Amino acid sequence: MKGQRYRFFKSGVQFEGETSCELHISIETEESGNKDTDTNVNQPVAVGYSFDATIECQVSSFFSDTNYSIKASDLTVGQVEELALCKTLESSQTTPDRTIADGTFIPTSISFKADNKKTVTATIKLEGTGELSV
């Protein structure tokens, strides 16, 4: 999803300095038809799914202040987190309007980068676990 009004939230609090976010959903299918089926049409059936997400954000501080915003340093690799991808209000980029999807994620990688003395950016890679509510 692209757009300025899509952000990840943890307990209704946004990630500070978020520049981009992605949510990937993969659905595994199997063919339900066989030689006894009368139709000449493929009949795929969903048998499983997986999901993951990536959040990129600018880093202004490594000190936690989870009342106002979530920072990459507030997450711990391997610790389960409840996150929601929301569309924000037009008037406020920090207030969720509608939840698009929410679920349980496990951070698998948190990396920080600052090329040639530029702004520090964090990339958070998350793997979905359990059910994703859409």
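**Close-ups of a predicted model**

View 1. About 50 Å³ of space lies inside the largest cavity. Its lining takes in Glu16, then the run Cys57, Gln58, Val59, Ser60 and Ser61, plus Lys71, Ala72, Ser73 and Phe112. Sort those lining residues by type and you get 4 nonpolar, 4 polar and 2 charged.

**View 2. The open sheet, strand by strand.** Here 7 strands line up in the order S2-S1-S5-S6-S7-S4-S3, with antiparallel pairing. At the edges sit strand S2 (13–14) and strand S3 (18–31), each pairing on one side only.

**View 3. Where S6 meets S7.** These two strands run antiparallel to each other and pair over 11 bridges. Look for Gly103, which stands opposite Leu132 in S7.

**View 4. The largest nonpolar core.**

**View 5. Thr88 and its neighbours.** Thr88 belongs to strand S5, which covers residues 81–89. Is Thr88 buried or exposed? It is buried, because its relative accessible area is 0%. Leaving aside residues up to four places away in sequence, Thr88 touches Arg5, Arg7 and Phe9, and also Gln93, Thr95, Pro96 and Asp97.

Key. Residues numbered from 1 in each chain as written. Predicted model: local features only at pLDDT ≥ 70, side-chain atom pairs only at ≥ 80, totals over all residues. Heavy atoms only, no water. Helix = DSSP H or I, 4+ residues; strand = E, 2+ residues; numbered from the N terminus. Buried < 20%, exposed > 50% of the residue type's maximum accessible area, 1.4 Å probe, protein only. Contact = heavy atoms within 4.5 Å. Core = buried A, V, L, I, M, F, W, Y, C linked by side-chain atoms within 4.5 Å. 1 Å grid on protein atoms, 1.4 Å probe; cavity = no way out; pocket = protein on both sides within 12 Å on 5 of 7 lines; lining within 4 Å. Points joined across faces, edges and corners; volume = space filled by probe spheres on them. Nonpolar A, V, L, I, M, F, W, Y, C, P; charged D, E, K, R; others polar. Pairing = 2+ DSSP bridges.
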